[in-house]
Amino acid sequence: MEEKNNIMERIAEANRPVTTGVDEKDIKDWVTIYIMGKGYRVPADLTILTAIEYAGYRLLRSVGCRQGHCGACATVFRRAGEYKLQADLACQTRVEDGMYLVQIPFSPAEKAIYDISKEPYDASVFMKYYPEVARCVSCNTCTKSCPQDLEVMDYVQAAIRGDFELVADNSFDCIQCGLCAIRCPAEIVQYHVAQLGRRMYGRYGLSMPEHLKKRVEEIEQGKFKEAMDNITSKSREELEKMYAERQREPD
Ligand code: SF4
Ligand code: SF4
Ligand code: FES
C-alpha cells in the first residue's frame with residue numbers, strides 16, 4: 001500500500017517526467033485525452049505536460065522548469081463539451097477527461113534590436129519599435145489569457161501613454177509564455193513591449209542603488225576575475241559536482 005501511494009504521489013508531482021517506471025495496475029483513476037487529435041488513456045492525476053510524456057511523446061521544446069516559472073510549456077486546449085478555447089501552462093494544468101490539447105512549441109515573434117542608452121525616455125520608443133501597440137482595441141483578451149494573472153492590457157495601455165513605471169510593475173512577473181500574443185487581435189507582442197518598458201525604466205526611471213554601484217566597481221576592478229576564470233575552466237562533470245555540493249540556505 002505504501003509503495004502504491006508513493007507511485008501515485010510521484011506521478012502527481014508536476015516537476016518530474018513519468019514516461020517510465022509506472023505500473024498501470026497501480027493507477028486508480030484514468031482519463032482519456034486527445035493530443036493533436038489522437039486519443040490516449042492517461043492517469044487522472046497528471047498535468048498536461050506529464051500526460052503528454054506518459055502518452056509517449058518526448059518533448060524537446062515546450063518544456064523547461066516544470067514548475068511554472070519559465071513559460072516554455074504553453075498549451076492550448078478545449079474541455080469536453082465546452083466551446084471555449086483555453087490556454088495555460090502545461091506543467092500547471094491537470095488533464096481532464098475528454099480534453100483536446102496541443103502544445104505550442106514556440107510563439108513566433110520578432111524581437112526589436114535597440115540600444116536603450118540611445119533612446120528617449122518617452123512613449124515614442126514604443127511607437128518606434130512596436131508601433132502595433134497603437135492598434136490595441138482594449139478587448140482584454142491578453143489579460144484573460146495570462147497564466148500569471150497579470151493585467152496585460154493595462155501595461156500595453158501604459159506603454160502607449162509612456163508610463164514606464166506601470167509597464168514595469170504590471171509586467172514584472174511575466175514569464176514570456178506568449179499566450180497573450182497568440183490571442184491578440186491587434187497582433188501585439190505584449191511581452192516584448194513589456195521587456196522594453198522594464199529595460200527603459202531600469203535605465204532611466206530608477207536611480208542606481210549604492211550596493212549595485214559598489215558591486216559594478218568591484219567587477220570593473222577585477223575582484224571576481226579569478227573566481228570567474230576558475231569556474232569557466234571547469235568541465236561539465238566538475239561543475240555538476242560543485243553544484244551538488246554547494247552551500248544551501250537551510251530549509
Ligand atoms: S489582446 Fe491585444 S488588442 Fe486586446 S487588449 Fe490585449 S493588447 Fe489590446
Ligand atoms: S503577459 Fe503574456 S507572455 Fe507574459 S506571462 Fe502573461 S500571457 Fe505569458
Ligand atoms: S515548464 Fe516552465 S513554466 Fe511549464
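Two residues are in contact if their C-beta atoms, placed from the backbone, lie within 7 Å. Keep that rule in mind, and take Ala-51. Which residues is Ala-51 in contact with, leaving aside its neighbours within four places in sequence? They are Ile-33, Val-42, Leu-46 and Val-95.

A word on the model. This is a predicted model, where local features need pLDDT of at least 70, side-chain atom pairs count only at pLDDT 80 or more, and totals for chains, interfaces and linings use all residues. Residues are numbered from 1 along each chain as its sequence is written, while chains are lettered from A and ligands numbered from 1 in the order in which they are written.

Now the overall view. The protein has 251 residues, and 27% of them count as buried. Buried takes 20 or more other C-beta atoms within 10 Å of the residue's own; exposed is 12 or fewer, and partly exposed is in between. The C-alpha atoms fill a box of roughly 65 × 55 × 30 Å along the principal axes. The radius of gyration is 23 Å, but a compact globule of 251 residues would have one near 18 Å. That radius is taken over C-alpha atoms, and the globule rule is 2.2 Å times the number of residues to the power 0.38. Among contacts with a separation of 6 or more, 61% join residues 24 or more positions apart.

The secondary structure comes to 11 helices and five strands. These are DSSP runs, numbered from the N terminus: helices are H or I with at least four residues, strands are E with at least two.

Next, the domains. There are two parts, domain 1 (2-103) and domain 2 (116-205). Their bounds come from an automatic or database domain assignment. Eight residues of domain 1 are in contact with eight residues of domain 2. On the domain 1 side, strand β4 (residues 86-89) gives the largest share, three residues. By class, that side has four nonpolar, three polar and one charged residues. Here Ala, Val, Leu, Ile, Met, Phe, Trp, Tyr, Cys and Pro count as nonpolar; Asp, Glu, Lys and Arg are charged; the others, Gly among them, are polar.

On to the inside. A nonpolar core is a set of buried Ala, Val, Leu, Ile, Met, Phe, Trp, Tyr and Cys residues joined through C-beta atoms within 7 Å. The largest one has 48 residues. Ala-51 is back: with Val-152, Val-156, Cys-180 and Val-193, it has the most contacts inside this core. Helix α5 supplies the largest share, six residues.

After α5 comes Gly-162, with a positive phi near 80°.

Now the ligands. A residue is near a molecule if its C-beta atom, placed from the backbone, lies within 6 Å of it. Ligand 1 has 15 residues around it, and the closest are Cys-136, Cys-139, Cys-142, Met-153 and Cys-184. Two elements give two or more residues to this shell: α4 (141-145) and α5 (152-161). The largest share, three residues, is from α5. The shell divides into 11 nonpolar, four polar and no charged residues.

Ligand 2 also has 15 residues around it; Cys-146, Cys-174, Cys-177, Cys-180 and Tyr-191 come nearest. Both α7 (179-183) and α8 (190-205) supply at least two residues of that shell. How many of its residues are charged? None: nine are nonpolar and six polar.

Last, some loops. Most residues other than glycine have a negative phi. Met-36 is not a glycine, yet its phi is positive, about 50°. Met-36 sits in the loop between β1 and β2. Is Met-36 buried or exposed? It counts as exposed, because it has 10 C-beta neighbours inside 10 Å.

Gly-37 is in that loop too, between β1 (30-35) and β2 (38-43). Gly-37 is exposed, with 8 other C-beta atoms within 10 Å. The C-alpha atoms of Gly-37 and Tyr-100 are separated by 6.9 Å, though these residues are 63 apart along the chain.

Asn-140 is another non-glycine with a positive phi, about 70°. Its place is the loop between α3 and α4. Asn-140 has 12 C-beta neighbours inside 10 Å, so it counts as exposed.
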